[in-house]
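Please look over the chain below before reading the notes.

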Amino acid sequence: MTASFASHVPARGGVVAGDCLDVLRSMPAERVDLIVTSPPYADQRASTYGGVTADDYVAWFLPRAEQMRRVLKPGGSLVVNIKEKVVDGERHTYVLELIIALRRQGWLWTEEYVWHKRNCFPGKWPNRFRDAWERCLHFTREKRFKMNQDNAFGKNIANWQGRDRAYPTNVLHLATECGNKGHSAAFPQALPRWFIELFTDPGDTVLDPFAGSGTTLAAALALGRHAIGVELAPPYVTRARDAVASARAAAQALAIASSRTGQDLVSIDRDPATAATVSKDSVPS
């Protein structure tokens with residue numbers, strides 16, 4: 001499907017209530033092109049996932065990762081936003097253990113991106129400084145996978161002899177989400193948006209098995225991708241469905257306007273302030 005044609009086809013999206021372990025088992029194999037998600041960190045969301053301890057985290061995550069790998073297309077990607085927590089005064093190793101376990105499960109640990117949180121939470125601790133970054137772990141099923149490097153907002157380097165663009169680094173400088181009051185750990189829409197543009201084409205399908213407030217799904221729909229979300233907590237299911245409904249309505253309005261004008265339009269979710277923020281903040285150094 002070409003980008004021009006895809007922009008005239010309204011993207012579809014929906015949120016399924018339930019544990020992704022059960023929901024993904026009911027999905028056909030090789031159904032999605034990209035999985036972007038931020039699973040609950042260790043000892044968080046006790047009311048839904050039971051507050052999985054750091055020591056038990058790998059065993060809890062692996063069955064879900066197995067289903068993610070099954071529903072992901074061979075050329076697809078999995079991006080996991082996660083960060084180690086402090087336990088008894090030191091960083092726990094559960095994220096590092098998870099990386100090793102996923103490789104044993106058959107995943108390829110293709111890359112690691114760093115989300116630099118430009119407005120990280122203020123505070124003072126006796127043995128460490130402010131936590132200003134999180135991991136975005138990139139896994140694939142195969143060594144050859146879809147990657148649209150020209151969509152990665154390369155910098156203009158016209159003054160470099162023989163080259164006019166430089167591809168970005170693997171560090172993304174983005175502010176945390178301050179306007180989302182319905183979720184305690186919402187990331188900015190620019191974060192999933194960057195990976196969606198990099199690893200998918202218009203008309204592809206994006207999955208978030210821990211949908212939360214629906215940020216990834218809204219970003220996917222705004223970019224003309226289909227979006228599937230899974231969320232266990234009823235309050236977040238409602239918020240995610242509201243986010244999908246708003247993004248879907250915007251995408252449909254954009255598709256109608258594009259078909260009438262006969263040209264591709266800038267996504268209408270980007271008002272001037274948002275567009276300026278996304279274009280600047282989503283450019284890795």
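In this predicted model, the bridge partner of Ile35 in β11 is Leu207. Strands β2 and β11 pair in the parallel sense over two bridges; two strands count as paired if DSSP finds at least two bridges between them. Residues are numbered from 1 along each chain as its sequence is written. Local features need pLDDT of at least 70, side-chain atom pairs count only at pLDDT 80 or more, and totals for chains, interfaces and linings use all residues, while side-chain values use heavy atoms, with hydrogens and water left out.

**Strand β11 and its partners**
- Helices (H or I, at least four residues) and strands (E, at least two) are DSSP runs, numbered from the N terminus.
- Strand β11 is also joined to β12, by four bridges, and these two run parallel.
- In β12, Ala227 is the bridge partner of Val206.
- Thr205 and Leu207 point one way from β11, Val206 and Asp208 point the other way, and all are buried.
- Buried means under 20% relative accessible area, exposed means over 50%, and partly exposed lies in between (1.4 Å probe, protein chains only).

**Whole chain**
- The protein chain has nine helices and twelve strands.
- Of its 285 residues, 47% are buried.
- Among contacts (heavy atoms within 4.5 Å) between residues at least 6 apart in sequence, 72% join residues at least 24 apart.

**Nonpolar cores**
- In soluble globular proteins, nonpolar side chains tend to be buried together.
- A nonpolar core is a set of buried Ala, Val, Leu, Ile, Met, Phe, Trp, Tyr and Cys residues joined through side-chain atoms within 4.5 Å.
- The largest such core here has 34 residues, and Tyr57, Phe61 and Ile82 have the most contacts inside it.
- Elements that each supply at least two residues of this core include α2 (20-25), β2 (32-37), α4 (57-71) and β3 (72-82).
- Helix α4 gives the largest share of this core, seven residues.
- A second, separate core has 31 residues, among them Cys136, Ala190, Ile196 and Ala240.
- Not counting residues up to four places away in sequence, Tyr57 touches Pro39, Pro40, Tyr41, Ala42, Val52, Ile82, Tyr94 and Leu98.

**Aromatic rings**
- The whole structure holds twelve aromatic pairs; rings of Phe, Tyr and Trp (its six-membered ring) pair if their centres lie within 6.5 Å, and planes under 30 degrees apart count as stacked, over 60 as edge-to-face and the rest as tilted.
- The ring centres of Trp60 and Phe61 are 6.2 Å apart with planes at 55°, so this pair is tilted.
- Phe61 and Phe210 have ring centres 6.5 Å apart and planes at 20°, so they are stacked.
- Phe61 lies in helix α4 and Phe210 in the loop between β11 (205-208) and α7 (215-222), so their pair ties together parts that are 149 residues apart in sequence.
- Both Phe61 and Phe210 are buried.
- One aromatic cluster is formed by Tyr57, Trp60, Phe61, Tyr94 and Phe210.
- Lys83 lies over the face of Trp133, at 4.0 Å from the ring centre; a charge sits over a ring if NZ of Lys or CZ of Arg is within 6 Å of the ring centre and within 35 degrees of the ring normal.

**Thr215**
- Thr215 lies in helix α7 and is buried, with a relative accessible area of 13%.
- The C-alpha atoms of Thr215 and Gln189 are separated by 5.7 Å, and the two residues are 26 apart along the chain.
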